[in-house]
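Some terms used for a protein model rest on cut-offs.

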Amino acid sequence: DGLFYDILISNAYCKQFESELCPLSEKQKQNILAYFKDEEVAKILMSRNAEIEKMASEKPPLVIHQTSEVPKEQLLDSIISNYKGKVVYVHLWATWCAPCMNAMQKSRGIKSLMKDKDVVFVYLTDESSPKKLWDEKINGIGGEHYRLNTEQWEYIMDKSGFEAIPSYMFFNKGGKLIKHYTGSQGNQEVLNTLNSLLQE
């Protein structure tokens, strides 16, 4: 009981919002309204929940792909070939990578703006991301997900010249790699690149 417990409860709801992009259930809403004596805290949580509901409705559907049968030399081409006629934005990340997770949250608005356009969001990670945690995180991300084995991951990192994550690749509608870099470039730069590729 008390302020510390109130903070713990609020933090649990915020984790649900930010990490999982999961809105409150009706039961959770009832619990919040019944529990918090400070109506202001309840108002803040409900306000944020409305924002999360909107973002959750706009995120791409979650699709999980298997890559175990694909040779490492053919893997990237095989992935990109699944999205012919679309611009492909590839994000290399891991569940333990704090900059990756921050970038995921900051880029949610990009997905909303690209919702009805020919853009596919593809996410690659490897076995350093624990399977159970990966399953939890990707629910809040949406998009196309691939969990590579170590050999596949290292090959793509080396071939692309990446030494760290988060790293990104942009492919045009013909499947050609147009741009790649490590570290966040900011939402506006990403939007400029995607819109430019869409207009080709």
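**Contacts, sheet and surface**

Q: What share of the contacts with a separation of 6 or more comes from residues 24 or more positions apart?
A: In this predicted model, residues 24 or more positions apart supply 65% of the contacts in the chain with a separation of 6 or more. A contact here requires heavy atoms within 4.5 Å.

Q: What makes S1 and S6 edge strands?
A: The open sheet has six strands, ordered S1-S4-S3-S2-S5-S6, with mixed pairing. Strand S1 (62-65) and strand S6 (177-182) each have a single partner strand, so one side of each lacks a neighbour in the sheet. From one strand to the next, the twist averages 20 degrees.

Q: Why are S5 and S6 called paired?
A: Pairing needs at least two bridges found by DSSP. Strand S5 (residues 167-171) is joined to S6 by five bridges, so the pair meets that cut-off. The two strands run antiparallel, and Phe170 has Lys179 in S6 as its bridge partner.

Q: Which strands does helix H5 touch?
A: Helix H5 (residues 98-106) packs on the sheet and touches S2, S3 and S5. Its direction makes about 145 degrees with that of S2. Helix H4 (residues 72-80) lies across S2, S3, S4 and S5, at about 55 degrees to S5.

Q: What makes a residue count as buried, and how many percent of the chain do such residues make up?
A: A buried residue has under 20% relative accessible area. Buried residues make up 42% of the 200 residues in the chain.

Technical notes:
Residues are numbered from 1 along each chain as its sequence is written. This is a predicted model: local features need pLDDT of at least 70, side-chain atom pairs count only at pLDDT 80 or more; totals for chains, interfaces and linings use all residues. Side-chain values use heavy atoms; hydrogens and water are left out. Helices (H or I, at least four residues) and strands (E, at least two) are DSSP runs, numbered from the N terminus. Axes are lines fitted to C-alpha atoms, for helices over the stretch in contact, and angles run from 0 to 180 degrees between N-to-C directions. Buried means under 20% relative accessible area, exposed over 50%, partly exposed in between (1.4 Å probe, protein chains only).
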